[in-house]
Amino acid sequence: MGTMNISLPDPMKSWVEEQAKAGRYANSSDYVRDLIRRDRARSDAIAEIQSAVDAGLASGPAAPLDRSAFKSRMRAQHVGK
């Protein structure tokens with residue numbers, strides 16, 4: 001595992017240390033690693049949503065919803081289960 005030294009303003013440093021002392025994290029490094037994991041997961045989720053939006057936009061114009069046909073398809077799917 002690599003090592004990285006970072007500089008934080010005193011209020012941020014105190015916050016990180018308080019999070020570790022509260023018992024949820026073993027130490028300040030664990031807290032920072034958790035923040036990074038959460039940020040990566042958030043970035044991945046945003047990318048996935050953006051990909052779905054892009055695919056939707058690329059699929060062409062929307063068609064009106066035929067409620068009867070939709071309900072029939074849903075009923076047929078549930079009957080088969």
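Student: How many aromatic pairs does the structure hold?
Tutor: The structure, which is a predicted model, holds one aromatic pair. The partners are Tyr25 and Tyr31, with ring centres 5.1 Å apart. Their planes stand at 75°, so the pair is edge-to-face.

Student: Why edge-to-face?
Tutor: Planes over 60 degrees apart count as edge-to-face, and the planes of Tyr25 and Tyr31 are at 75°.

Student: Is Tyr25 buried or exposed?
Tutor: Tyr25 counts as buried, because its relative accessibility is 12%.

Student: Now the surface. Which residues make the nonpolar patch?
Tutor: Met4, Ile6, Leu8 and Met12 make a nonpolar surface patch of about 430 Å².

Student: Where is Met4 found?
Tutor: Met4 is in the segment before helix H1, which spans 10-21. With 70% relative accessibility, Met4 counts as exposed.

Student: Moving to pockets, what volume has the largest pocket?
Tutor: Its volume is about 450 Å³.

Student: Which residues lie nearest its centre?
Tutor: Of the 14 residues that line the largest pocket, Met4, Ile6, Ser28, Ser29 and Val32 lie nearest its centre. Met4 and Ile6 also belong to the nonpolar patch.

Student: And which helix gives the most to the lining?
Tutor: H2 gives the most, with five residues. Helix H2 covers 28-58, and H1 and H2 each supply at least two residues of that lining.

Note on methods: Residues are numbered from 1 along each chain as its sequence is written. This is a predicted model: local features need pLDDT of at least 70, side-chain atom pairs count only at pLDDT 80 or more; totals for chains, interfaces and linings use all residues. Side-chain values use heavy atoms; hydrogens and water are left out. Rings of Phe, Tyr and Trp (its six-membered ring) pair if their centres lie within 6.5 Å; planes under 30 degrees apart count as stacked, over 60 as edge-to-face and the rest as tilted. Buried means under 20% relative accessible area, exposed over 50%, partly exposed in between (1.4 Å probe, protein chains only). Patches are made of residues with over 30% relative accessible area and no salt bridge: like charges are joined within 9 Å, nonpolar side chains (Val, Leu, Ile, Met, Phe, Trp, Tyr) within 5 Å. Accessible areas come from the Shrake-Rupley method with a 1.4 Å probe; for residues, only the protein chains shown count as cover. A salt bridge is a side-chain nitrogen of Lys or Arg within 4 Å of a carboxyl oxygen of Asp or Glu. Helices (H or I, at least four residues) and strands (E, at least two) are DSSP runs, numbered from the N terminus. On a 1 Å grid over the protein atoms alone, a cavity is a set of points where a 1.4 Å probe fits but cannot get out, and a pocket is an open set with protein on both sides within 12 Å along at least five of seven lines; lining residues have an atom within 4 Å of a point. Grid points are joined across faces, edges and corners, and a volume is the space filled by probe spheres set on the points.
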